[in-house]
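Below is a briefing on one protein chain, written for a first look. Keep the sequence and the 3D view open while reading.

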Amino acid sequence: MDYRTDIEYMTLFNNKQAPAFLNYVAALNGLPVIDLKTGFRYCDLGCGSGLTLTTLAAAHPQGDFCGVDFNPHHIRMGRSRVEATGLTNVKFIETNFTSLKDLELPKFDFIAINGTLSWLAPQPRDEALDFIGNALKPGGLAFLHYMSMPGHMSQPPICRLASDYYNQSIGDLEEKVLLTKEFLRGFLQTQKQYFEQSPPAKAFIQRMLDSSTSLFLHDYLSNVREAYYFDDIDKMMHQRDCWYVGSAEFFCNHLQLVVPMESRDLFRGVRDRSGIETIKDFVGVVGGRMDVFIKNQGGAPTSSKDDPLENMTFSGLPVPDNQTSVAFPGTAVQLATEPSATLIKLLRERPRTLSDLYQIDSLAPYGSHEIRKALTYAIAARKIEPFVQKEVAEEDRSGLGGLSKYNYTMLTNAVYNETPDRTPTVTLASRMTGNGMTIRWIDAAILLGLLERPIEEVPQWVANLLAQRNLRIQVNNQNAEDERGTEAFIRMLVPGTVQTFTQTIGYVGLVKLPSLAAVTEAINKANQSRA
């Protein structure tokens, strides 16, 4: 079946596409970064409904953002969000990739194509890559997310089986999806011999069964579903004067984190970057890649004489946790040892550059190499991230509690108007991180309730919203409601939500929220009155 336009793809946000994240990948590998303080241009190919695009545009009002998609439903949804939120730095173009060459568009500093590449036939794929090669400025960065081999090798036969069954089924779209999933469920339960030959197929079928109708049709039943070896993509990009920089999955840039000790001898004597990436993919049985390429005519770029990483700003994630180590395939990153523990503590206090960290007395004894290693490993462990540090302008604080119009609109639309999906979330834009912050729908509802209502009324109000939408709170796939009901369980959640947002209010522009002490007191009184 051809790529579908009769049903919208899922509305998803991908933080890996953020300009600051792509800059970090370049800086980590010694290449210059793109200035985000002044105007820059960003293009998202196959942008879907544009949630990633509009979130990044709201986080970077100084940038110009362009989204391209050929599904009219997606474009309509994106334009509707732009109109509702008042964004002025986003435009959507409804066209297919074979028509890109006919458009009069400016050169871009960033071009992203997230996932779409693996669902393109050869001609539109080549047209999309041609556009990247022609429209990317010298020194510009491209983000390519695609399915990769060999991790994908067990999936095509199952997708073909499901697609053939779907096409011979009778009924409307939903009925045919239901029938196909029932067929796959039966196959999963009965075909022992098949799964002995292909063990990974078992988990893949379960993912198919758990997927939404949109994901099932778009991702699994497409007749164009191509997984690529890295070397093939690398050669295609070389033909367009684009060269591999690194991975937007940060830990993949560190061989020690990716490759187990017993496999490291396989890399002995390998100097070619493509060869290293290919072996890594086989060692890790990698099924998807997030590659960053740089536009450079005349061959692969050389590292900058200055260290671009030293002048980037970083911040500890605003919600501390008690995790002392993070395990990767190659080794575990120890977060409680020095200098990592001190570095993370300092960056949670306030953002700093790497060069700033070198000058701090408590870190200086470890030397620049160890400080740099601790920083980049903590970023790989998702305890620290690149930071833009741009405050929301006072005139933009038009929403309740000082939220920007974009965030206020996204929050209220999600809570009041939109129908939450199976895993309901809300994505808010942060000008300080230059990225998006995705929160659970239940937290969004509690947050909005605390801004609009007396504290003691919030649990009942949220419980009523859940009932109206026929939603239930689940933890680990189990209903997680107090024996006294949903309202009692929400009363348990409210202080935790406040504690989280007390630490992140600056990130999303929120300036008004009841204190944790006030909320705890009000909730305790409510509990006592119901006892």
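Three strands form an open sheet in the order 11-8-12, and their pairing is antiparallel. Strand 11 (352-353) and strand 12 (384-386) are at the edges with a single partner strand each, so one side of each has no neighbour in the sheet. The model is a predicted one. The points below start with this sheet, then turn to a second sheet, a pocket and the backbone.

- Strands of a sheet pair through backbone hydrogen bonds, either parallel or antiparallel.
- Strand 8 (residues 313-316) pairs with strand 12 in the antiparallel sense, over 3 bridges.
- Strand 8 is also joined to strand 11, by 2 bridges, and these strands run antiparallel.
- Phenylalanine 314 stands opposite proline 386 in strand 12, and its bridge partner in strand 11 is arginine 352.
- Serine 315 has glutamate 385 as its bridge partner in strand 12.
- From strand 8, Thr313 and Ser315 point one way, while Phe314 and Gly316 point the other way; all are buried.
- Helix 13 (residues 340-349) lies across strand 8, strand 11 and strand 12, and its direction is at about 100° to strand 8.

- A second open sheet has 7 strands in the order 3-2-1-4-5-7-6, with mixed pairing.
- Its edge strands are strand 3 (90-94) and strand 6, each of which pairs on one side only.
- From one strand to the next, the twist averages 20°.
- Strand 6 and strand 7 run antiparallel and are joined by 5 bridges.
- Cysteine 242 has lysine 295, in strand 7, as its bridge partner.
- Helix 10 packs on this sheet and touches strand 5, strand 6 and strand 7; its direction makes about 20° with that of strand 7.
- Helix 12 lies across strand 6 and strand 7, at about 40° to strand 6.

**The second largest pocket**

- Rolling a probe the size of a water molecule over the atoms shows where empty space is left.
- How much space lies in the second largest pocket? The value is about 840 Å³.
- The pocket is lined by 34 residues, and the closest to its centre are Leu317, Glu385, Gly436, Met437 and Thr438.
- Helix 15 (367-380), strand 12, strand 14 (435-440) and helix 19 (486-508) each supply at least two residues of the lining.
- Helix 19 gives the largest share of the lining, 7 residues.
- By class, the lining has 18 nonpolar, 10 polar and 6 charged residues.
- Glu385 links two topics: it is among the residues closest to the centre of this pocket, and it is the bridge partner of serine 315.

- Most residues other than glycine have a negative phi, and most peptide bonds are trans.
- The peptide bond from methionine 149 to proline 150 is cis, with omega near 10°.
- Proline 150 is in the loop between strand 5 (136-147) and helix 5 (155-168).
- Glutamate 338 and proline 339 are also joined by a cis peptide bond, with omega about 5°.
- Proline 339 is in the loop between strand 10 (332-334) and helix 13.
- Aspartate 241 is not a glycine, yet its phi is positive, about 60°.
- Aspartate 241 is in the loop between helix 10 (230-238) and strand 6 (242-247).
- Is aspartate 241 buried or partly exposed? Its relative accessibility is 25%, so aspartate 241 counts as partly exposed.
- Valine 285 has a positive phi near 50°, and it is a residue other than glycine.
- Valine 285 is in the loop between helix 12 (273-284) and strand 7 (288-295).
- With 48% relative accessibility, valine 285 counts as partly exposed.

**A residue in helix 15**

- Lysine 373 lies in helix 15, one of the elements that supply the lining of the second largest pocket.
- Lysine 373 has a relative accessible area of 34% and is therefore partly exposed.
- Lysine 373 and leucine 179 are 194 residues apart along the chain, and their C-alpha atoms are separated by 52 Å.

Conventions. Residues are numbered from 1 along each chain as its sequence is written. This is a predicted model: local features need pLDDT of at least 70, side-chain atom pairs count only at pLDDT 80 or more; totals for chains, interfaces and linings use all residues. Side-chain values use heavy atoms; hydrogens and water are left out. Two strands pair if DSSP finds at least two bridges between them. Helices (H or I, at least four residues) and strands (E, at least two) are DSSP runs, numbered from the N terminus. Contact means heavy atoms within 4.5 Å. Axes are lines fitted to C-alpha atoms, for helices over the stretch in contact, and angles run from 0 to 180 degrees between N-to-C directions. On a 1 Å grid over the protein atoms alone, a cavity is a set of points where a 1.4 Å probe fits but cannot get out, and a pocket is an open set with protein on both sides within 12 Å along at least five of seven lines; lining residues have an atom within 4 Å of a point. Grid points are joined across faces, edges and corners, and a volume is the space filled by probe spheres set on the points. Ala, Val, Leu, Ile, Met, Phe, Trp, Tyr, Cys and Pro count as nonpolar, Asp, Glu, Lys and Arg as charged, and the others, Gly among them, as polar. Buried means under 20% relative accessible area, exposed over 50%, partly exposed in between (1.4 Å probe, protein chains only).
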